[in-house]
Amino acid sequence: MLTIVGAGPGDVDLITLKAIKAIESADVILYDALINEALLKYAAADAELIFVGKRRGCYAFQQDQINDLIVSKAKEKGHVVRLKGGDPFIFGRGAEEIDYVRQFGLKTYVVPGISSSMAVPAYQGIPLTKRGSSESFWVITGTTKKHQLSGDVALAAKSSATVVILMGMGGKLSEIVRIFSEENKQDVAVAIIQNGTRDNENVGIGTISSIESIVAEKQLANPAIIVIGDVVKERAVLSSVLETVNKNK
């Protein structure tokens, strides 16, 4: 049996009860780099824990190897939990893994997770939609299977929607800036949030024209999300409310 579990964006408290129950019942847990490893404390003492993520471009396992490992461990030990950062169906390859293991007759389940695309801006007091500012939002991968910037970024830049880009740092940021600049959106607000919802969260706020210098100044890098749109300007209003809540914990 395979259960694909979303671990949330990083804060260990942003995990569902159903996810914890799945972790507790697992015989084997295959976990990614972006999960908070404190979640592994919920695993049974005899559960096998296997890191299958990547760090700084170095893969512990390739995707084909992970697929095979899921099948072999499920047949050997029983319940495999595939623990993924955020939500497993938002750029998490959860659907691909399910498609593969079903060929071998394994039962498959999914426990949704809180996506970083929504939770990370929220922790900074940035609403992805707000009446008068944004009626919709795009969530786009900054790096496609071919390691290129998604063509949807150019489409999103033509809209008035909030644009959230995951995996868009490094060389992709300059390309994103160029695309929005070509739409005369140099003054549109931008937030880049690294290690969102974690204790070492780092944030840069600027505009399309200034964000690259801010990234250099604050040394922002992956893992980070990019939020583009007028809603970023709402951050100063909402962040004080969140600070008050956190102080009262």
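Which residues lie nearest the centre of the largest pocket? I found Asp32, Leu34, Lys54, Phe91 and Met167 there, among the 49 residues that line the largest pocket.

**Basis.** I note that this is a predicted model, in which local features need pLDDT of at least 70 and side-chain atom pairs count only at pLDDT 80 or more, while totals for chains, interfaces and linings use all residues. Residues are numbered from 1 along each chain as its sequence is written, and side-chain values use heavy atoms, with hydrogens and water left out.

**The largest pocket.** I recorded about 1900 Å³ of space in the largest pocket. A pocket is an open set of points on a 1 Å grid over the protein atoms alone, where a 1.4 Å probe fits, with protein on both sides within 12 Å along at least five of seven lines; a lining residue has an atom within 4 Å of a point. The volume is the space filled by probe spheres set on the points, which are joined across faces, edges and corners.

I then listed the elements that give two or more residues to the lining: β4 (54-55), α2 (63-77), β6 (80-84), α4 (116-123), α6 (171-182) and β12 (224-228). Helices (H or I, at least four residues) and strands (E, at least two) are DSSP runs numbered from the N terminus. By residue class, the lining holds 17 nonpolar, 20 polar and 12 charged residues. Here Ala, Val, Leu, Ile, Met, Phe, Trp, Tyr, Cys and Pro count as nonpolar, Asp, Glu, Lys and Arg as charged, and the others, Gly among them, as polar.

**A surface patch.** Ile90, Phe91 and Met167 make a nonpolar surface patch of about 240 Å². Such a patch joins nonpolar side chains (Val, Leu, Ile, Met, Phe, Trp, Tyr) within 5 Å, from residues with over 30% relative accessible area and no salt bridge. Areas come from the Shrake-Rupley method with a 1.4 Å probe, and for residues only the protein chains shown count as cover. I placed Ile90 in the loop between β6 and α3 (94-102).

**Salt bridges.** How many salt bridges does a search of the whole structure find? I counted 11, each being a side-chain nitrogen of Lys or Arg within 4 Å of a carboxyl oxygen of Asp or Glu.

Glu97 pairs with Lys84, with 3.3 Å between the closest N and O atoms. Because Glu97 lies in helix α3 and Lys84 in strand β6, this pair ties together parts 13 residues apart in sequence. Both Glu97 and Lys84 are buried.

Glu234 meets Lys130 at 2.8 Å, N to O. Glu234 is in the loop between β12 and α8 (235-247) and Lys130 in the loop between α4 and β8 (137-141), so parts 104 residues apart in sequence are tied together. Glu234 is buried at 15% relative accessibility, whereas Lys130 is partly exposed at 38%.

Asp230 bridges to Lys233, the closest N and O atoms being 3.7 Å apart. Salt bridges with shared partners join Asp32, Arg82, Lys84 and Glu97 into one network.

Key: Patch = residues over 30% accessible without salt bridge, like charges linked within 9 Å, V, L, I, M, F, W, Y side chains within 5 Å. Buried < 20%, exposed > 50% of the residue type's maximum accessible area, 1.4 Å probe, protein only.
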